[in-house]
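Welcome, and please load the model in your viewer. We will go from stop to stop, selecting a few residues at a time.

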Amino acid sequence: MLLTNARIATLVDNQSYGLIERGAVALKGEQIAWVGAESDLPSAYQGGAQHDLGGRLVTPALIDCHTHVVFGGNRAAEFELRLNGASYEEVARAGGGIVSTVAATRDADENTLLQDALRRVDALMFEGVTVVEVKSGYGLDTETELKMLRVARRIAEERPVEVRTSFLGAHAVPPEFKDALDAYIDQVCLPTLRAAHAEGLVDAADGFCEGIAFDTAQIRRVFEEAVRLGLPVKLHAEQLSNIGGTQLAAEFGALSADHVEYATHADAKALARSGTVATVLPGAFYTLREIQVPPIQAFRDHGVPIALATDCNPGSSPLTSPLLTMNMACTLFRMTPLEALLGMTAHAARALGLASRGRIVPGHRADLCVWDVDHPAELSYRIGFNPLYTRIFGGAL
């Protein structure tokens with residue numbers, strides 16, 4: 001396939017959009033074979049199916065590197081409670097929050113969970129997503145955690161989208177283990193991680209390191225088991241306070257540390273040394289009406305890649321719009337439109353350990369978006385507007 005008459009944002013580096021005016025992209029199978037000015041197109045790529053894009057913008061396809069799209073029920077009632085004055089932490093300590101979704105997820109069968117998840121994934125795909133990360137963490141028992149991961153794998157069988165799974169058994173403590181966090185890690189979390197790995201259901205291990213969840217010593221045990229199994233790690237860190245999660249993630253060379261509102265300059269330096277991505281999640285910041293902004297400038301100063309994701313979940317970020325996520329990152333966190341686009345392409349790919357995604361360069365997978373806009377900044381600028389013309393997944397329209 002040959003795409004011609006296009007404005008191409010290659011994102012070949014992190015300093016500019018890498019725009020090519022009146023460009024062309026040659027695709028061979030699932031890969032990008034050539035990209036450049038149409039006038040420089042080698043004769044070897046001039047045959048085959050050609051698509052004149054009429055001057056439209058081509059970017060790498062979007063990647064949602066942090067989601068919880070598999071879950072049962074919803075938490076609209078808690079949304080109302082928070083608007084009436086209850087904090088996220090107060091709702092959680094009263095038995096709401098994550099634990100309320102656990103009950104609904106345990107009760108739902110696989111097909112119900114799948115059909116609900118597909119509706120959310122369809123919304124992501126409709127705005128240009130070709131890779132989505134999906135976490136477990138709403139089961140908190142072996143049976144339901146594995147059920148969630150099986151459903152996540154089935155998404156890729158039902159839709160033209162790549163799914164990366166993360167085991168998030170250390171997400172919250174179920175009622176049956178209240179005040180017994182270490183016992184939960186021993187008796188449920190670690191054995192379930194082993195079972196998920198044995199069944200081929202998990203691509204990475206994750207955890208929620210926070211005062212209302214697990215401390216660094218408990219997360220360390222999960223990470224040590226993941227390393228033993230040969231799995232990379234990720235971490236929800238410093239969302240509501242700073243208890244050392246980012247430093248722990250850096251120590252283990254985590255793919256990403258996510259949320260990171262309360263991260264410090266020292267945390268940014270640690271992430272830079274370890275090559276760990278900082279993933280920011282403006283949907284949760286917005287929904288929870290938080291005021292502590294992630295230290296974006298510290299990440300810039302230390303050269304930490306900043307990824308961006310919807311954090312789609314039923315409680316703190318019921319968001320299925322990557323384009324709105326990009327706008328929020330710019331308006332709430334003062335990221336630039338270039339940083340937002342890199343955050344949902346190249347840096348999101350890095351946060352998932354995907355080396356051949358997120359840029360338009362030869363040898364990368366041919367996951368692309370064609371947009372009805374004149375300039376990449378429009379993707380972050382507009383609100384409630386979807387200019388996607390077409391999505392290309394593995395070289396296929």
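Is Glu238 buried or exposed? At 0% relative accessibility, Glu238 counts as buried (buried is under 20% relative accessible area, exposed is over 50% and partly exposed is in between, with a 1.4 Å probe and protein chains only).

Before moving on, note that this is a predicted model, in which local features need pLDDT of at least 70 and side-chain atom pairs count only at pLDDT 80 or more, while totals for chains, interfaces and linings use all residues. Residues are numbered from 1 along each chain as its sequence is written, and side-chain values use heavy atoms, leaving out hydrogens and water.

**Two positive phi values**

Keep Glu238 selected: its place is in the loop between S10 and H8. Helices (H or I, at least four residues) and strands (E, at least two) are DSSP runs, numbered from the N terminus. The phi of Glu238 is positive, near 55 degrees, in a residue other than glycine. Most residues other than glycine have a negative phi. Now select Asp179, in the loop between S8 and H6, where phi is also positive, near 65 degrees. Asp179 is exposed, with a relative accessible area of 72%.

**Asp267 and its surroundings**

Next, pick Asp267 in helix H9 (residues 265-274). Asp267 is buried, with a relative accessible area of 3%. Leaving aside neighbours within four places in sequence, Asp267 is in contact with Glu238, Asn242, Thr246, Gln247 and Tyr262 (contact means heavy atoms within 4.5 Å). Show the side chains of Asp267 and Gln247, and you will find a polar contact of 3.0 Å between them. A polar contact is a pair of N or O atoms within 3.5 Å; within protein, one must be able to donate a hydrogen and the other to accept it, and residues adjacent in sequence count only if both atoms are side-chain atoms. A polar atom of the Asp267 side chain also lies 2.9 Å from the backbone nitrogen of Thr264.

**Along helix H7**

Select residues 216-229, which form the 14-residue helix H7. From first C-alpha to last, H7 reaches 20 Å, close to the 20 Å expected at 1.5 Å a residue (the expected span is 1.5 Å times one less than the number of residues). Colour Gln218, Ile219, Val222, Phe223, Glu225, Ala226 and Leu229, which are buried in H7. They cover an arc of only 160 degrees around the axis, which puts them on the same side of H7 (the arc is that of the directions from the helix axis to the C-beta atoms). Among the elements covering them are helix H6 (181-198) and strand S9 (204-209). At the start of H7, a side-chain oxygen of Asp215 comes within 3.1 Å of the backbone nitrogen of Ala217. After H7 comes Gly230, with a positive phi near 80 degrees.

**Cysteines and Thr279**

How many disulfides does the structure hold? There are 0, a disulfide being a pair of cysteine sulfur atoms within 2.5 Å. For Cys65, the nearest cysteine sulfur is that of Cys312, 13 Å away. Cys65 is buried at 0% relative accessibility. Then go to Thr279 in strand S12 (residues 277-280); Thr279 touches several residues beyond four places in sequence, including Cys65, Asp258 and Ala351.

**Last stop: a hairpin**

Finally, select strands S2 (residues 19-28) and S3 (residues 31-37), which run antiparallel and are joined by 6 bridges (strands pair if DSSP finds at least two bridges between them). Ala26 stands opposite Trp34 in S3. The hairpin has 2 residues between its strands, and Gly29 takes a positive phi near 65 degrees there.
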